[in-house]
Structures are given as C-alpha cells and as structure tokens.
Amino acid sequence: MQAVNGQISIPLADVSDGKARFFTYRSGGTEVKFFVLKSRDGIVRAALDTCDVCYRDKKGYRQEGDFMICNNCDQQFRSDRINEISGGCNPVPLQRTVAGDRLIIPEAELAGGVRYFQ
C-alpha cells in the first residue's frame, strides 16, 4: 500500500464481503501488516495484523467465520469487536474513516505500528 497525502485509501468494494483482506505498508524499511474487514454488523474495521502480547512471534491472525484467530496462541476475537477492544491479544486497532466509497486510514496510524514489526 502506498500513502497519498498522508492517507491510505482502500475502495470499500474491495473489503465489503465479510472476508478479511491483508495489506502491507512499508514505513522506513519496515513492513507494517494490517487487515481490513466488514463485520456482520456492517462496520468496516481495521487493525494491525498483530497484538500487544504475541507480536514478537510475527504470526498475525487468520479468519474463521466471524472470528479473527491469533496464529500464535489461537485465541479468537469476534470481528464485530475489532476496533472496540484493545490490549492483550486483541488485534491492535487502527483509526479509520469512511469517505464516500473509500476507507481512509491515516498513514501515521500505520507508522505508529512499526514497533510491532521490527
């Protein structure tokens, strides 16, 4: 993903089918991984593909139905709780907004996640 004017812009049509889409953003030589999905309550959610606990193992998450599962410890998290709960093994939430037909994530949000991926 490339930032334009300090923002990552993703077409909503690309992330609206309930399936998690995984992306990579490069910040100063570090690949920052994140995912976006539309949960069954209709909200498009975004989080780093890591958590505060398991980030050192760099295994991320996988989707199983309405849950995101930590590939390191197998804890599961309801997709409609992403961006609602943070800390522990919950996916690290990213601020995001919907503008027209696009999801906008501030580049600073992803740059702030570099520490998890170094």
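Strands β6 and β7 (residues 76–78) pair in the antiparallel sense over three bridges. Strands here are DSSP runs of E with at least two residues, helices are runs of H or I with at least four, and both are numbered from the N terminus. Two strands count as paired if DSSP finds at least two bridges between them. Phenylalanine 67 stands opposite arginine 78 in β7. Five residues lie between the strands of the β6 and β7 hairpin, and there aspartate 74 takes a positive phi near 65 degrees. The model is predicted, with local features requiring pLDDT of at least 70 and side-chain atom pairs pLDDT 80 or more, whereas totals for chains, interfaces and linings use all residues. Residues are numbered from 1 along each chain as its sequence is written, and side-chain values use heavy atoms, with hydrogens and water left out.

Strand β6 (residues 67–70) also pairs with β5 (residues 61–64), in the antiparallel sense and over four bridges. Tyrosine 61 has cysteine 70 in β6 as its bridge partner. This hairpin has two residues between the strands, and glycine 65 takes a positive phi near 60 degrees.

β1 and β9 form an antiparallel pair over five bridges. Proline 11 is bridged to arginine 102 in β9. β1 has a covered face, Ile8 and Ile10, and an uncovered face, Gln7, Ser9 and Pro11. In a regular strand the side chains alternate between the two faces of the sheet.

The largest nonpolar core has 21 residues. Such a core is a set of buried Ala, Val, Leu, Ile, Met, Phe, Trp, Tyr and Cys residues joined through side-chain atoms within 4.5 Å; buried means under 20% relative accessible area, exposed over 50%, and partly exposed in between (1.4 Å probe, protein chains only). Ile10, Phe34, Val36, Leu48, Ile105 and Leu110 have the most contacts inside this core. Elements giving two or more residues to the core include β1 (7–11), β3 (30–38) and α2 (114–117). A second, separate core has twelve residues, among them Ala20, Ala47, Tyr61 and Cys70.

The whole structure holds one cavity of 30 Å³ or more. A cavity is a set of points, on a 1 Å grid over the protein atoms alone, where a 1.4 Å probe fits but cannot get out; lining residues have an atom within 4 Å of a point. The largest cavity has a volume of about 50 Å³, the space filled by probe spheres set on the points, which are joined across faces, edges and corners. Its lining includes Asp49, Cys54, Tyr61 and Cys70.

How values were computed
1 Å grid on protein atoms, 1.4 Å probe; cavity = no way out; pocket = protein on both sides within 12 Å on 5 of 7 lines; lining within 4 Å.
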